Amino acid sequence: MRHAGVGVGVGLWGPSPRGDRPQKDKGAGKGSAKAAALHAVQSVQSVRGSSPPPSPQSPPRQILAKSTEMIRQSSLTRLGCIINTAVNGGKRSGNGDTQWYFSQVKGTLDDDVTEADIISCVEFNHDGDLLATGDKGGRVVIFQRDPVSKSVIPRRGEYNVYSTFQSHEPEFDYLKSLEIEEKINKIRWLKRKNQAHFLLSTNDKTIKLWKVSERDKKVEGYNTKEETGQARDPSCITQLRVPVIKPMELMVEASPRRIFANAHTYHINSISVNSDQETYLSADDLRINLWHLEITDQSFNIVDIKPTNMEELTEVITAAEFHPVECNLFVYSSSKGTIRLCDMRAAALCDRHSKLFEEPEDPTNRSFFSEIISSISDVKLSNSGRYMISRDYLSVKVWDLHMETKPIESYPVHEYLRSKLCSLYENDCIFDKFECCWNGNDSAIMTGSYNNFFRMFDRTTKKDATLEASRDVAKPKTLLKPRKVCTGGKRKKDDISVDCLDFNKKILHTAWHPLENIIAVAATNNLFLFQDKF
């Protein structure tokens, strides 16, 4: 392994199709649903076990049996309705689609947006109770799930500010005469091991490990220092006292525990924590380094695609991620539209990949912009570790790790922009890097688009939806109406023409709660939260 020189320093549109049995809802209402279902079952059982009272005018046995069967079917129908309502939340439209509702918006809705306030990354932690955002000003804001919103029926996705801290400051590299921005490129949570939370944040050059902890007690009555913290003169100490612990107002502290610096020549675009929770990788345009969370002064270079002669450079690394289960596997994507899977057991330097995922180019769509729009901006492995999604400029693709030749699914995100590529090239929008994400059970995918639109794709039903994160929907419990972009000819009242799209409003960063249908969408300086039921 080569040493890198380092200086000090539930489905989206209905239940899963696995069999005909109803799937359990991980949200609230379990107790009430179970109680109602149990009551209905008991009703059916009481009907089945009942017999008509003895009477000289008792009806014939055939009529009685038919009547009992009708009552039984009615009770079973009622039981089915109760279970269906409890499992699906009772908020589905006629065609079985999930209906998304506005929950919250964070940030001001003013037209004047400060550059430093633009959100640059969004990330839920592993249980979804915390949601972190980073911005171009180097700040990290952590939101915590409102405990009340988890206990009500149905559960609500409401978050309050938990902690805010300055993660990175602007720097200047005097050796290269290069200004280093404070913008947060990525945030990654570590799995919780104790009462504190840990996360990694990075700008273009430096990665920091932060500890976020709570303090609601303080110690008073020190012998060697005053209450203000100043040291006491030992000659003035005439008696010893036992310090006491007293309660105080809850305070959330964020402190940097490790700083990993000076290992990347180029801008860091990805960080990913390994499943062993002891190591992580960081990737820039040409190299990927492997770090141990306890060691800051050395890392190991595991991928290096820098050619001897930089004029021979044909591609750059665009994203990298560890496998969620196998600690020896990781993937990285490139600007040429390829994804490589590497096994660290094969060699210390993973310049030779184990698998290469690449889709054959369609000759009919070949153009001057083909190489640009085929560049992969994001890659995410599924929670199960069997699949991965990749996002290029116009589409999102699903790959099976067992099949390299072509994706098993492909979803167009904004195909209507293919005819606009020339103007998108001129205004640099063609170089925008959209992220993508999975839902908790890998049955749905979300990614962003322009005009504050974001797209959702259900892998089970093959249905898709275009929704909008805007101030028009920023009212409690507002139902999001599907939007449609038309390319020409007659258009309906709510449709929007492709010529009217605002390319300055773009959804680049999204996140999906790991256990529930709660989504976070970053729209410029605002963070929108939506959920599937109220």
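Reply: Happy to! Before we start, contact here means heavy atoms within 4.5 Å. Also keep in mind that this is a predicted model.

Me: Got it. Which residues does arginine 483 touch, leaving out those up to four places away in sequence?
Reply: Arginine 483 touches Phe453, Thr466, Glu468, Asp494 and Ile496. With glutamate 468 there is also a polar contact between the side chains, at 2.4 Å.

Me: And where does arginine 483 lie?
Reply: You'll find arginine 483 in the loop between strand S28 (464–468) and strand S29 (485–486). Its C-alpha is 7.7 Å from that of alanine 465, and the two residues are 18 apart in sequence.

Me: Is arginine 483 buried or partly exposed?
Reply: Partly exposed, because its relative accessibility is 23% and buried means under 20%.

Me: Switching to aromatics: how many aromatic pairs are there?
Reply: The count is 22 aromatic pairs. In one of them, phenylalanine 260 and tyrosine 280 have ring centres 5.3 Å apart and planes at 80°, so this pair is edge-to-face.

Me: Which strands do phenylalanine 260 and tyrosine 280 lie in?
Reply: Phenylalanine 260 is in strand S12 (residues 244–260) and tyrosine 280 is in strand S14 (residues 279–283), so the pair ties together parts 20 residues apart in sequence. Phenylalanine 260 is buried at 1% relative accessible area, and tyrosine 280 is buried too, at 0%.

Me: Nice. Which residue has its charged end over the ring of tyrosine 222?
Reply: That's lysine 225, at 4.4 Å from the ring centre. Arginine 459 lies over the face of tyrosine 387, with 4.8 Å to the ring centre.

Terms used
Residues are numbered from 1 along each chain as its sequence is written. This is a predicted model: local features need pLDDT of at least 70, side-chain atom pairs count only at pLDDT 80 or more; totals for chains, interfaces and linings use all residues. Side-chain values use heavy atoms; hydrogens and water are left out. Rings of Phe, Tyr and Trp (its six-membered ring) pair if their centres lie within 6.5 Å; planes under 30 degrees apart count as stacked, over 60 as edge-to-face and the rest as tilted. Helices (H or I, at least four residues) and strands (E, at least two) are DSSP runs, numbered from the N terminus. Buried means under 20% relative accessible area, exposed over 50%, partly exposed in between (1.4 Å probe, protein chains only). A charge sits over a ring if NZ of Lys or CZ of Arg is within 6 Å of the ring centre and within 35 degrees of the ring normal. A polar contact is a pair of N or O atoms within 3.5 Å; within protein, one must be able to donate a hydrogen and the other to accept it, and residues adjacent in sequence count only if both atoms are side-chain atoms.
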